[in-house]
Amino acid sequence: MIIQEAVLRYNFHARPCAYFVNQTSKFGANITIVRGNRSGNGKSVISVMMLELAEGDKVKIVIDGNDEEEAMKKVVYLIENPLEKDW
């Protein structure tokens with residue numbers, strides 16, 4: 001299990017959430033995003049959207065599984081780098 005914090009660099013509305021989940025779903029590891037006292041499945045659009053993530057929010061990323069290191073690199077990159085061209 002790996003735990004890391006990251007700061008969101010853009011607002012997580014529907015399109016970025018969908019793109020984020022599309023990318024995280026490629027990994028076998030369990031991915032959990034934690035904001036404050038709420039957590040969500042990083043592979044579920046609804047779960048991620050219910051966290052109401054906004055630019056500047058600090059989140060904790062918890063990843064557990066065979067490809068957790070690779071998954072963590074990708075998740076942190078997705079959270080910290082606006083990818084508007086991909087939405």
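**View 1. Arg35 in strand β2.** Arg35 is a residue of strand β2, where strands (E, at least two residues) and helices (H or I, at least four) are DSSP runs numbered from the N terminus. The model shown is predicted, so local features need pLDDT of at least 70 and side-chain atom pairs count only at pLDDT 80 or more, while totals for chains, interfaces and linings use all residues. Residues are numbered from 1 along each chain as its sequence is written, and side-chain values use heavy atoms, with hydrogens and water left out. Arg35 has a relative accessible area of 27% and is therefore partly exposed, a class that lies between buried (under 20% relative accessible area) and exposed (over 50%), computed with a 1.4 Å probe on protein chains only. Not counting residues up to four places away in sequence, Arg35 touches Leu51, Glu52, Leu53, Asp57 and Val59, where contact means heavy atoms within 4.5 Å. Arg35 and Lys58 are 23 residues apart in sequence, and their C-alpha atoms are 6.9 Å apart in space.

**View 2. Glu52 in the loop between α2 and β4.** Glu52, one of the residues that Arg35 touches, is found in the loop between α2 and β4 (58-64). Its phi is near 55 degrees, which is a positive value in a residue other than glycine. Glu52 counts as exposed because its relative accessibility is 56%.

**View 3. Thr32 in strand β2.** Thr32 also has its place in strand β2, and with a relative accessible area of 27% Thr32 is partly exposed. When neighbours within four places in sequence are left aside, Thr32 is in contact with Ser39, Gly40, Gly42, Lys60, Ile61 and Val62. Thr32 and Leu78 are 46 residues apart along the chain, and 14 Å separates their C-alpha atoms.

**View 4. Helix α1 beside helix α3.** The axes of helix α1 (residues 14-24) and helix α3 (residues 68-80) come within 10 Å and cross at roughly 170 degrees; axes are lines fitted to C-alpha atoms, for helices over the stretch in contact, and angles run from 0 to 180 degrees between N-to-C directions. The two helices, α1 and α3, are therefore roughly antiparallel to each other, a term used for angles over 145 degrees. On the α1 side Tyr19, Phe20, Gln23 and Thr24 meet Lys74, Val75, Leu78 and Ile79 of α3. The residues of this contact of α1 with α3 divide into five nonpolar, two polar and one charged, where Ala, Val, Leu, Ile, Met, Phe, Trp, Tyr, Cys and Pro count as nonpolar, Asp, Glu, Lys and Arg as charged, and the others, Gly among them, as polar. The buried residues of α1 are Pro16, Cys17, Tyr19, Phe20, Val21, Gln23 and Thr24, and they pack against β2 (30-35), α2 (45-49) and α3.

View 5. Val48 is found in helix α2 and is buried, with a relative accessible area of 1%. Leaving aside neighbours within four places in sequence, Val48 is in contact with Phe12, Cys17, Phe20, Val21, Asn41, Gly42 and Leu53.

Conventions: Angles under 35 degrees count as roughly parallel, over 145 as roughly antiparallel, 65 to 115 as roughly perpendicular and the rest as oblique.
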